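Subject: Structure handover

Hi,

Here is the structure for you to look over. My notes come after it.

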Amino acid sequence: TTRKVILGNLYFISIFTASILAKLSLILHNPTNDIWFFQIAPLAFVFLALWLFFAKSLWVNFQLEDSPINLGQAWRSTMRKHWVVILRFTCFLTFITSLNAFFTTIMPFYLQRYLNYPEKEVFLLQISIFICGILGLILGGVYHAKLGKRLHLTMGVLIKVILYFLFKSYVHNNIYVIGLLECLCMFGLGLMMSKVLNLIYSIFPPAYKLSGVTLIYDFSFGLFSGVSVYLSTYLINQFNNFYIPSMIIVVFSYLSLISL
């Protein structure tokens, strides 16, 4: 179990690490004298991906669960037999996914466009919170056996309280308070995300694991992340209310609470 949790966390850690490199490249970018490292780094990731794909030794012991279900029918069969589980766990992940979408996608656009924060300042904030997210994932992986439903309930309530003060700090431009509160939120998010992939994987019988995990992951991270981004920008423009993103996250948190 520990190995599965750590491997699952490596997926999210790699995403945060790539985001850190992207923000660093934007901060250090100079149109007249580009830094060679940030020109070569994307190519290095491409070659690494190609090597992983063609490295046969890495795939010797890799196999999907034996499934009597035809792949073309897998999604329909999984939806029909496990729709309650899919709905419940999709709702469970809405809080995590909407919070993740806010800090990775909405927040930089929100602060720069609506509250006139300097671009460099916002990117430095993001680098700081991504580091805290990685620390949360690592700590969550180490102590995964002690992290259960109570953690998600506690962190859900705590993050909702932090969001209240965070959005007040946004409006009043308290940059150091913003940094502290965002780091706390992202650290808590890392803890909550640390068992997500292993948890989803464990709830389906072998014949339905692949399609079940795909459906829940795509619905929660794809649909709800996209919906929260769209709703935030649309409703802010409609009502000129800068607390809209926090309200959306809070609504999703209640969906998560009900599913728990």
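Predicted model: local features only at pLDDT ≥ 70, side-chain atom pairs only at ≥ 80, totals over all residues.

Numbering runs from 1 along each chain as its sequence is written, and side-chain values use heavy atoms, without hydrogens or water.

Start with α5 and α6. They pack at about 160 degrees, with axes 9 Å apart. The pair is therefore roughly antiparallel (over 145 degrees). α5 passes α6 in a left-handed crossing (the near helix is turned anticlockwise from the far one by less than a right angle). In this contact (heavy atoms within 4.5 Å), α5 contributes residues including Ile-159, Ile-162 and Phe-165, and α6 residues including Leu-181, Leu-184 and Cys-185. By class, the contact has 15 nonpolar, three polar and one charged residues.

Next, the loops. Asn-173 sits between α5 (149–172) and α6 (175–193). Its phi is positive, near 60 degrees. Asn-173 is partly exposed at 47% relative accessible area (buried is under 20%, exposed over 50%, partly exposed in between, with a 1.4 Å probe and protein chains only). Asn-116 lies between α3 (71–115) and α4 (119–142). Phi of Asn-116 is also positive, near 60 degrees. Asn-116 counts as exposed, at 64% relative accessibility. Most residues other than glycine have a negative phi.

Last, α9 (residues 244–259). Buried residues in α9 include Ile-248, Ile-249 and Phe-252.

Best wishes

Terms used. Helix = DSSP H or I, 4+ residues; strand = E, 2+ residues; numbered from the N terminus. Axes fitted to C-alpha atoms, helices over the stretch in contact; angles between N-to-C directions. Parallel < 35°, antiparallel > 145°, perpendicular 65-115°, else oblique. Nonpolar A, V, L, I, M, F, W, Y, C, P; charged D, E, K, R; others polar.
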